[in-house]
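Here is a note for a colleague who is meeting this structure for the first time. The points are numbered and can be read in order.

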Amino acid sequence: MSKRVLVCYATKTGSTTGVAQAIGEVLSERGYTVDVTPINERPDVSGYDAVLLGSAVNGGKWLPEAVQFAERNAAALGTVPTSIFSVHIMNLGDDEKATRKRRAYTTAVRTIVSPAAEAFFAGKGPDAAETSLIARWAFKAFGGGGEGDCRDWDAIKGWARQVHLDRVVV
């Protein structure tokens, strides 16, 4: 019998939806029974053997509905391996400052759950065809990391291939 895994996520513009779906597809290929569900559908975490919880980042933090979901389900999330992922477009560099700022995105949720794994994925930035030059300039001036779809599908799928979903006994 395969383990049941819930991949649930909060999104603002839809970029996180694609990331969650890609993670779910890879987990299915690994032999897990996977449900990929938006947080706004209020999925019930009971009955799952592992949970992957993700959120878009806005204003340097997870979306409020993602943090609230973790709060409402803290007891259940504490009984199964729970990993988290963030989809963002700022602080994409590998330097210490960018890494520190990315880590701050998940401060609120890490006070609620102790993640088994954590990942950060680039999302979508302003699209040149849909955004004015001035808006794109302002985005870059405030630390924006990329224009258009910056999702790295190889990195996303690579993380899903290796993320550990079994309870670690200490």
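Which residues are buried in α1?

1. Basis of the note. This is a predicted model, in which local features need pLDDT of at least 70, side-chain atom pairs count only at pLDDT 80 or more, and totals for chains, interfaces and linings use all residues. Residues are numbered from 1 along each chain as its sequence is written, and side-chain values use heavy atoms, with hydrogens and water left out.

2. Overall layout. The chain has seven helices and six strands. Helices (H or I, at least four residues) and strands (E, at least two) are DSSP runs, numbered from the N terminus. Read from the N terminus, the order of elements is β-α-β-β-β-α-α-β-α-α-β-α-α. The chain has 170 residues, and 44% of them count as buried. Here buried means under 20% relative accessible area, exposed means over 50%, and partly exposed is in between (1.4 Å probe, protein chains only). The accessible surface of the chain is about 9000 Å², with 51% of it belonging to carbon and sulfur atoms; such areas come from the Shrake-Rupley method with a 1.4 Å probe, and for residues only the protein chains shown count as cover. Of the contacts between residues at least 6 apart in sequence, 75% join residues at least 24 apart, where contact means heavy atoms within 4.5 Å.

3. Burial of helix α1. The buried residues of α1 are S15, T16, T17, G18, V19, A20, A22, I23, G24, V26 and L27. That makes eleven of the 15 residues, so the helix is largely enclosed by the rest of the structure. What do these buried residues pack against? Their partners are the strands β1 (4-10), β2 (33-38), β3 (50-58), β5 (82-88) and β6 (118-122), together with α7 (153-162).

4. Geometry of helix α1. The helix covers residues 15-29, and at 1.5 Å a residue it should span 21 Å; its end C-alpha atoms are 22 Å apart, which agrees. The expected span is 1.5 Å times one less than the number of residues. After α1 comes G31, whose phi is positive, near 100°.

5. Strand β3 and its parallel partners. Eight of the nine residues of β3 are buried, which leaves the strand mostly covered. β3 pairs with β1 in the parallel sense over six bridges, and V7 has L52 in β3 as its bridge partner. β3 also pairs with β5 in the parallel sense over six bridges; here G54 has F85 in β5 as its bridge partner. Two strands are said to pair if DSSP finds at least two bridges between them.

6. The hairpin. Strand β4 (residues 61-62) runs antiparallel to β3, and two bridges join them. N58 has K61 in β4 as its bridge partner. β3 and β4 form a hairpin with two residues between them, and G59 in the turn has a positive phi of about 65°.

7. How many salt bridges does the structure hold? It holds four, a salt bridge being a side-chain nitrogen of Lys or Arg within 4 Å of a carboxyl oxygen of Asp or Glu. One of them joins D166 and K3, with the closest N and O atoms 2.4 Å apart. This pair links distant parts of the chain, 163 residues apart: D166 is in the segment after α7, and K3 is in the segment before β1. D166 is partly exposed at 29% relative accessible area, and K3 is partly exposed at 36%. Another salt bridge joins the side chains of R4 and D35 (3.3 Å, N to O). R4 lies in β1 and D35 in β2, so this pair ties together parts that are 31 residues apart in sequence. R4, at 30% relative accessibility, is partly exposed, and D35 is partly exposed at 28%.

8. R103 and E118 form a salt bridge whose closest N and O atoms are 2.8 Å apart. R103 lies in helix α4 (residues 96-105) and E118 in strand β6, so the pair ties together parts that are 15 residues apart in sequence. R103 is partly exposed at 41% relative accessibility, and E118 is partly exposed at 22%. R103, R110 and E118 are linked in a network of salt bridges.
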